[in-house]
Amino acid sequence: MELRQLSYFVTVADELHFGRAAERLHIVQSAVSQQIRRLERELGAELFDRSPRHVRLTGAGQRLLPEARAVLAAAERAREAVARPSGLRLATSTGLGEHLDRVLAEFAARAPGVPVELVSAGARERLEQVVDGRVDAAFVRSCDPVPGVRIVPLWDDPLVAVLPAAHPLAARPELALGELAGLPLSITPRRTNPALVDLVVGACHDAGFEPVPGPVGGSLQDRLATIGAGVVPQWTVVYASHARVLHSPRVAFVPFGAPGLALATGLAVRAKGAVGEERSGEWFGERSARELGVFIEACRAASSAAPWGVRTL
């Protein structure tokens with residue numbers, strides 16, 4: 001008895017039609033019939049009642065079907081047990097800082113040997129990549145709901161102000177947002193990170209002032225270099241977890257006083273039934289779903305174990 005024969009048998013039992021079974025198996029109908037006949041001879045029993053009008057399982061076929069399914073499932077598990085880990089492909093963004101380091105370390109401890117590939121992309125593209133399956137998951141912050149995607153809540157990301165190191169406010173243990181009212185705000189374009197820009201500008205309005213427009217665009221490193229030069233005193237914001245891994249001695253990172261500023265961070269995963277979901281399992285395939293579940297557990301463990309506050313650097 002061969003696994004191939006059992007696979008052909010299960011497919012015919014599902015379709016109750018030799019022609020359709022052959023189409024599913026991408027082989028000619030005669031090959032299916034031949035293997036079923038061989039299986040029947042080996043077992044000494046007819047498995048199908050064949051007539052010009054229908055194909056039905058015999059009593060022997062009905063008894064064999066659940067056993068055949070169990071054998072095929074066991075064979076698949078055996079293959080998975082020795083297969084190279086499929087790994088995860090994750091979309092990330094700048095600003096995760098220590099969060100990402102801790103999460104990857106936690107995941108490595110929980111799933112040793114499972115590779116993780118990181119892909120950097122803008123906020124909108126990250127969600128598109130989740131929907132069409134180019135990535136298994138994506139880190140996102142305070143994004144609007146997107147069809148085909150669900151967000152797993154992870155942690156809140158506090159923001160800190162970035163000022164020239166020589167500015168008088170840089171020596172403060174914390175800042176009230178209103179103290180920055182007279183300084184130009186240098187921030188990423190809204191199309192790049194609408195949640196961040198809306199949060200900062202909205203908080204400025206709540207504090208009673210309209211932020212003075214500063215340079216818009218460029219990389220974060222360019223903005224930090226410009227602020228550090230101090231030719232025109234200005235400010236920006238970075239995530240607290242990112243501030244800890246930045247090395248810019250000419251700028252200072254100063255926390256905001258209560259209630260502070262923070263964005264919620266989550267993990268975007270493909271919702272069950274999303275377009276393009278062709279494999280079994282909750283999101284992608286049974287194996288990928290297990291690995292992704294472990295990754296989510298690692299995110300939550302890393303978040304609960306880490307002090308995400310940032311002191312003045």
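Predicted model: local features only at pLDDT ≥ 70, side-chain atom pairs only at ≥ 80, totals over all residues.
Let's begin with two helices, α1 (residues 3-15) and α4 (residues 59-82), whose axes approach within 9 Å and cross at roughly 125°. Helices here are DSSP runs (H or I, at least four residues), numbered from the N terminus, and axes are lines fitted to C-alpha atoms over the stretch in contact, with angles from 0 to 180 degrees between N-to-C directions. The crossing is left-handed, meaning that the near helix is turned anticlockwise from the far one by less than a right angle.

Residues are numbered from 1 along each chain as its sequence is written, and side-chain values use heavy atoms, without hydrogens or water.

Now to the aromatic rings. Rings of Phe, Tyr and Trp (its six-membered ring) pair if their centres lie within 6.5 Å; planes under 30 degrees apart are stacked, over 60 edge-to-face and the rest tilted. The count comes to five aromatic pairs. In one, F107 and F295 have ring centres 5.4 Å apart and planes at 70°, so the pair is edge-to-face. This pair links distant parts of the chain, with F107 in helix α5 and F295 in helix α10, 188 residues apart. Both residues are buried (under 20% relative accessible area, 1.4 Å probe, protein chains only). Ring pairs join F107, F139, W155 and F295 into a cluster.

How values were computed: Buried < 20%, exposed > 50% of the residue type's maximum accessible area, 1.4 Å probe, protein only.
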